[in-house]
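Visitor: Good morning. Could you take me through this structure, one part at a time?

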Amino acid sequence: MTGTAAVDVVCVGESMVTFVPSAPGQRLADAAAFDRGTGGAESNVACALARLGHAVRWISRVGADPFGDHLVTAVAAAGVDVSEVRRDPGRPTGVYFRTGDGEVAYYRAGSAATAMNPGNVGRRDAWAGRVLHLSGITPALSRGCADLVHALTAPGPGRPLVSFDVNHRPALWRSADPRRLARLAARCDLVLVGEDEAAAAWGLPDADAVREALPGPAVLVVKQGARGAIAYEGCADGVFVPAPDTPVVDLVGAGDAFAAGFLSATLRALPLRDRLARGHALAAAVIGVRGDSLAVLGDEAWGRLRA
Ligand SMILES: O=C(O)C(=O)C[C@H](O)[C@H](O)CO
């Protein structure tokens, strides 16, 4: 890639304030105290990329409420340009509660971000970087959000590299058909998907089956959890890079961190193996800390990750 745009990556998607039981291991129904944090797949990617030294813009909508203030402040503190985040006085900022083992309660129906649509998020802004990063969470939020992802992944002059993390969230898809995610992924240039999500959402048994079903994207990354990840580029066979052996504190956000590492290495035009290794390095960092993102890492840790 050779773009000269001032923005490296534009990320579009909903962020939420997160609440995780303060006592690890507690179920949501039993927890009396929660630790507040920030979540949202695309802003997690944006924050990590900014901390890695890239110029990143996050486009979204949050409420004109204190949680909206918190999100905008936290994302801006990571170095992300938040000038295209709109405040909606008529709709709240999304909130979600989660444990460390998969229990999730979303309070995001009708949130400010669900009002995003092709009329209020234009291609001109979303396509302003060298890369546009989207995820499969957005099309599950509302009709307008689904139309938006459809519009932003359509071909057209000036379209940047479009990166799509499938991020299948069963709690959001309920009655909708997750095969829509495969159709959206097929329109993108770089697709990241977990082997487990490809099995759950599309009934595909392994990485090769995913590549067969998705031959279009120039680069397809299939993540295989603690084992590692395989990437397919063009017509070549998949390249596998094992994940480092890392103690797990909290798995949430591992996929976003992986995407940030992979995208960062893509912007630096590194070979495929190194792109996967950078993804693993960032994912290992996030699963070693509590929270959805790498916000708690200090400057020294970021210095090591940038090296
Ligand atoms: O579940 C979602 O919609 C989120 O974006 C919240 C989390 O931060 C995200 O899933 C982590 O990947």
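Guide: Let us begin with a term: a residue is buried under 20% relative accessible area, exposed over 50% and partly exposed in between, with a 1.4 Å probe and protein chains only. This is a predicted model, in which local features need pLDDT of at least 70, side-chain atom pairs count only at pLDDT 80 or more, and totals for chains, interfaces and linings use all residues. Residues are numbered from 1 along each chain as its sequence is written, and side-chain values use heavy atoms, leaving out hydrogens and water.

Visitor: Is Ala-115 buried or exposed, then?

Guide: Ala-115 counts as buried because its relative accessibility is 16%.

Visitor: And what is Ala-115 in contact with?

Guide: Setting aside neighbours within four places in sequence, Ala-115 is in contact (heavy atoms within 4.5 Å) with Arg-61, Asp-88, Arg-91 and Asn-120.

Visitor: Changing topic, how many residues surround the ligand?

Guide: The ligand is surrounded by 13 residues, each with a heavy atom within 4 Å of it. Tyr-106, Arg-108, Arg-169, Asp-256 and Asp-292 are the closest.

Visitor: Which polar side-chain atoms lie 2.8 Å from a ligand oxygen?

Guide: One belongs to Arg-108 and one to Asp-256; a polar contact here is a pair of N or O atoms within 3.5 Å. The ligand taken alone exposes 320 Å², of which the protein buries 95%; these areas come from the Shrake-Rupley method with a 1.4 Å probe.

Visitor: What about Asn-44?

Guide: An N or O atom in the side chain of Asn-44 is 3.2 Å from an oxygen atom of the ligand.

Terms used: A polar contact is a pair of N or O atoms within 3.5 Å; within protein, one must be able to donate a hydrogen and the other to accept it, and residues adjacent in sequence count only if both atoms are side-chain atoms.
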